[in-house]
Amino acid sequence: MVRGGPTHRQSADAACLIEVDDLPDGVVVADERGRVIAFNQAACRLTGADREAVVGGHLPDVLPFRDNDGRDWWKWLDAYGGLRIRSRQPECSLYLPGRHELLVSARFVRSPARSGDVVRVVITLRGAAARARLERSRADLVSTVAHELRSPLTSVKGFTATLLAKWGRFTDDQKRVMLETVNADADRVTRLITELLDVSRIESGRLQVHRQVVDVPARARKIIEGRVAAGEPEDRFRLEVLGDLPEMWLDQDKIDQVLGNLLENAVRHGRGTVTIVVEPVEWGVAVSVRDQGEGVAPELASRVFRQFWRGNGRRRGGTGLGLFIVKGLVEAHGGTITVQRAPGGGAEFRFTMPAGTPDFA
């Protein structure tokens, strides 16, 4: 009998357990004899099993999976037999006795890697609710894109077909109006595509931040000037800068996008004066965008940054992706964003950006 400290094998298994505990999905690992050697916290939550009770147990006994027809999944899988070239089993829906559906996949670790014996079986578990949410999100995305694209593309098609068929019947002013409409609708399609690309980058973690020194009040002033140039009354907007601001290294294009989206949201859903307040805070700069509309009910505050959220269930234009993108852009800078009731009523969206250097991440 070996006495003293843990063996190399035990230390490796302990390290494995610590690592898999950090994963969001359930992970169960069995050795070459089918004995469970790792059972992470997510697996405990999904299966209702106690880790201390299952580690060392036989894999099919620990996870007695059945398929939709009630058949024993392990007999069908034959994890330690079957073709010696198998390396994985794709995800499928399975059931534990008395529990909800789980999405289960398996990976076979062999030694040697090609056609060797199975020395590890790694089972991955996911809750079916996550898949349902993902499918609903994708369906919402398809529906939103189809709706938002149909209207401008129908307009573009209609005006271009009319101009091509009856060019000589219209005056120059009529042609200009139709072409301006086509141009505006093309811009609308471009904005939608840009939003979809931003959502994809945020969800996949591929959003890149290119930092430079940014004058936040100057960027806010530029966004306001753009709204005024587009026809908004100048007295609709107010910019307040409070105190001395630290040097801010930010992605200028993304800050313009954040400010533009928040200003657009305030104009579309709010009323009265839209106020932008820029002020220093302990670790950076805070920017508040306030309107004088109905505001956001406290019970809805946690939902406004989700995809496809529209206030009060009413469709007031837009895709419902703007605030989701704003949150992603702010967090990519290491900042935070919240929504609350403004001091004079209405909604206040407040985001805080940390001061930093070009290398700050």
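Author: A salt bridge here is a side-chain nitrogen of Lys or Arg within 4 Å of a carboxyl oxygen of Asp or Glu. The model is a predicted one, and by this rule the count comes to 19 salt bridges. As background, side chains of opposite charge can pair when their charged atoms come close.

One of the pairs is Arg120 with Glu32, whose closest N and O atoms are 4.0 Å apart. This pair links distant parts of the chain: Arg120 lies in strand β5 (residues 117-127), while Glu32 sits in the loop between β1 (26-30) and β2 (36-39), 88 residues apart. Arg120 is partly exposed, with a relative accessible area of 21%. Glu32 is partly exposed as well, and its value is 39%.

Another salt bridge lies within a helix. Lys327 pairs with Glu331, with 2.7 Å between the closest N and O atoms. The two residues are four apart in helix α10 (residues 322-332), so about one helical turn separates Lys327 from Glu331. Lys327 counts as partly exposed at 28% relative accessibility, and Glu331 is also partly exposed, with a relative accessible area of 43%.

Some salt bridges share partners, and in this way Arg227, Glu232, Arg236, Glu264 and Arg268 are joined into one network. Within this group, the side chains of Arg227 and Glu232 meet at 3.4 Å, N to O. Arg227 and Glu232 are both buried, which means that each has under 20% relative accessible area.

How values were computed:
Residues numbered from 1 in each chain as written. Predicted model: local features only at pLDDT ≥ 70, side-chain atom pairs only at ≥ 80, totals over all residues. Heavy atoms only, no water. Buried < 20%, exposed > 50% of the residue type's maximum accessible area, 1.4 Å probe, protein only.
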